[in-house]
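Here is a friendly note for a colleague who is opening this structure for the first time. Please keep the sequence and the 3D view side by side while reading the points below.

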Amino acid sequence: MFDRPASGTRALLVRIDFGEGETGSRLNELKELAVSSGATVLGVISGRRAKPDPAFFAGRGKVDEIAEQCRLTEADLVFFDHSLTGVQQRNLEQALECRVLDRVGLILDIFAQRARSAEGKLQVELAQLKHLSTRLVGGWTHLERQKGGIGLRGGPGETQLEVDRRLITQRIKRLNAQLAKLTRTRQTQSRTRARAQVRTVALVGYTNAGKSTLFNQLTRAQLYAADQLFATLDTTLRRLPIAGAQKMVLSDTVGFIRDLPHDLVVAFRATLSEAAEADLILHVIDASNPQRDEQIDAVNQVLAEIGAGGRPQLRILNKIDRTGLAPGIERDGYGKIRTVRLSALTGEGCADLRAALAEIFPSSAEFAANLSPNLPEPEAQSFQEDDSAQFFSAPPESC
Ligand SMILES: Nc1nc2c(ncn2[C@@H]2O[C@H](COP(=O)(O)OP(=O)(O)OP(=O)(O)O)[C@@H](O)[C@H]2O)c(=O)[nH]1
Ligand SMILES: [Mg+2]
């Protein structure tokens with residue numbers, strides 16, 4: 001049903017500059033996205049325009065150039081690093097005689113390939129359907145209008161478009177109901193953790209920043225970490241034992257990206273709730289990436305969107321082994337810890353992060369006074385080891 005590039009798809013990439021200035025790193029990211037989806041990149045076509053053409057997005061000359069390149073390279077697919085309307089996508093497919101996918105479609109495709117858990121799969125399908133429902137336009141053969149009688153609603157008089165819309169709406173409803181069930185389970189688990197006075201620490205960051213590598217380094221887990229975008233999709237929780245600190249669980253989750261499709265953020269709200277409700281967010285930053293400031297902004301924007309903008313945040317400047325930065329803790333003018341510089345890969349600076357966490361969540365009385373006044377006070381109920389043990393598995397000891 002969905003427009004998925006098969007692995008080995010031969011793709012051309014298109015990026016038009018609408019006056020954003022630098023396009024080099026954006027093009028690199030587009031290439032990484034395309035490769036992460038399993039495509040082979042044949043070439044990149046860039047251009048410049050004042051504003052998108054309503055019918056073809058690019059100008060007529062540029063469309064001809066892309067069509068020519070499609071013929072020469074025998075491409076099967078053209079990725080546009082932009083949002084295309086349904087009409088633009090259809091017109092481009094007709095003009096280029098080639099499949100066309102936009103940035104949202106591409107990200108959704110990668111998510112669809114990576115989803116493993118039942119919840120992840122439901123969330124991706126929901127986002128795909130919402131995306132699809134906004135793009136149903138006539139003109140694609142499978143969506144051709146059928147002849148229907150005036151005034152007839154439903155049944156044989158329905159147009160194919162209406163049938164498609166109705167089916168999609170029904171499926172969205174069903175998916176929402178299934179997801180709501182899973183969300184309730186997640187809420188029960190998180191209430192149990194709160195009752196057990198377990199602090200929740202969430203790893204959050206731009207895709208490929210090194211969250212899973214840091215998770216593995218801290219918990220001795222063996223999560224999949226790879227030099228590709230969106231290696232992680234499902235949330236994983238694990239106990240994070242640190243001497244002198246309160247009981248903590250650490251969560252690793254999906255990475256963020258610039259212009260993350262809103263439907264995807266909404267669909268992933270349940271997964272992202274670990275971050276939204278965390279006592280502390282560890283914002284992992286790839287310090288070696290020249291785009292790190294833009295990436296920090298993109299992450300903060302998504303955090304705000306999921307209601308986590310106000311959560312206490314500690315910045316982790318990761319990959320210092322590539323930058324020449326020294327490991328260590330940075331404090332603000334009041335002595336509060338703001339940043340930890342480390343390398344999740346080599347382990348340098350990880351002891352500083354442990355020390356920082358022990359300082360922020362000391363096992364003795366004053367909870368989190370060092371970081372933020374808006375941390376919730378722990379509830380009075382006692383900790384039930386057996387209750388919470390089912391939600392995370394403990395590594396042998398802290399590393
Ligand atoms: N040099 C260096 N590479 C690192 C470091 N931390 C992570 N990496 C590499 O960066 C790549 C991405 O790491 P991941 O841990 O998968 O990143 P992630 O943030 O979980 O990425 P997604 O799950 O895709 O969002 C991998 O190739 C890691 O080996 C580091 O401190 N130094
Ligand atoms: Mg990851």
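1. Leu 101 counts as buried because it has 25 C-beta neighbours inside 10 Å. (Buried means 20 or more other C-beta atoms within 10 Å of the residue's own, exposed means 12 or fewer, and partly exposed is in between, with C-beta atoms placed from the backbone.) Leu 101 lies in strand β4, residues 99-101. Helices (H or I, at least four residues) and strands (E, at least two) are DSSP runs, numbered from the N terminus. Asp 81 is 20 residues away from Leu 101 in sequence, and their C-alpha atoms are 8.8 Å apart in space.

2. A word on the model and its numbering. This is a predicted model, in which local features need pLDDT of at least 70 and side-chain atom pairs count only at pLDDT 80 or more, while totals for chains, interfaces and linings use all residues. Residues are numbered from 1 along each chain as its sequence is written, and chains are lettered from A and ligands numbered from 1 in the order in which they are written.

3. Now the overall picture. The protein chain has 12 helices and 11 strands. Of its 399 residues, 38% count as buried. Among contacts between residues at least 6 apart in sequence, 67% join residues at least 24 apart; two residues are in contact if their C-beta atoms, placed from the backbone, lie within 7 Å.

4. The arc is that of the directions from the helix axis to the C-beta atoms. Just after α3, Glu 97 has a positive phi of about 50°.

5. Which residues come nearest to ligand 1? Of the 23 residues around it, they are Gly 210, Ala 225, Asp 227, Thr 232 and Gly 255. (A residue is near a molecule or strand if its C-beta atom, placed from the backbone, lies within 6 Å of it.) By class, this shell has 8 nonpolar, 10 polar and 5 charged residues. Here Ala, Val, Leu, Ile, Met, Phe, Trp, Tyr, Cys and Pro count as nonpolar, Asp, Glu, Lys and Arg as charged, and the others, Gly among them, as polar.

6. Helix α7 (residues 211-219) gives the most to the shell around ligand 1, with 3 residues. In the loop between α7 and β6 (236-239) you will find Arg 220. Arg 220 is not a glycine, yet has a positive phi of about 60°. With 14 other C-beta atoms within 10 Å, Arg 220 is partly exposed.

7. Helix α5 (residues 118-133) has 16 residues and reaches 22 Å from its first C-alpha to its last, close to the 22 Å expected at 1.5 Å a residue. The expected span is 1.5 Å times one less than the number of residues. The buried residues of α5 include Glu 119, Leu 122, Val 124, Leu 126 and His 131. Their cover includes α4 (103-114), α6 (160-195), α8 (262-267) and α9 (269-276).

8. Gln 295, Val 299, Val 302 and Leu 303 are buried in α10. They are on the same side of α10, because they cover an arc of only 105° around the axis. Asp 293, Asp 297 and Ala 304 are exposed on the other side. What covers the buried residues of α10 includes β5 (199-205), α8 and β8 (280-286).

9. Finally, look at the strands that pair with β11 (two strands pair if DSSP finds at least two bridges between them). Strand β9 (residues 313-318) and β11 (residues 337-341) are parallel, over 3 bridges, with Ile 316 opposite Val 340. Strand β10 (residues 328-331) runs antiparallel to β11, and 4 bridges join them. β10 and β11 form a hairpin with 5 residues between them, and Gly 335 in the turn has a positive phi of about 85°.
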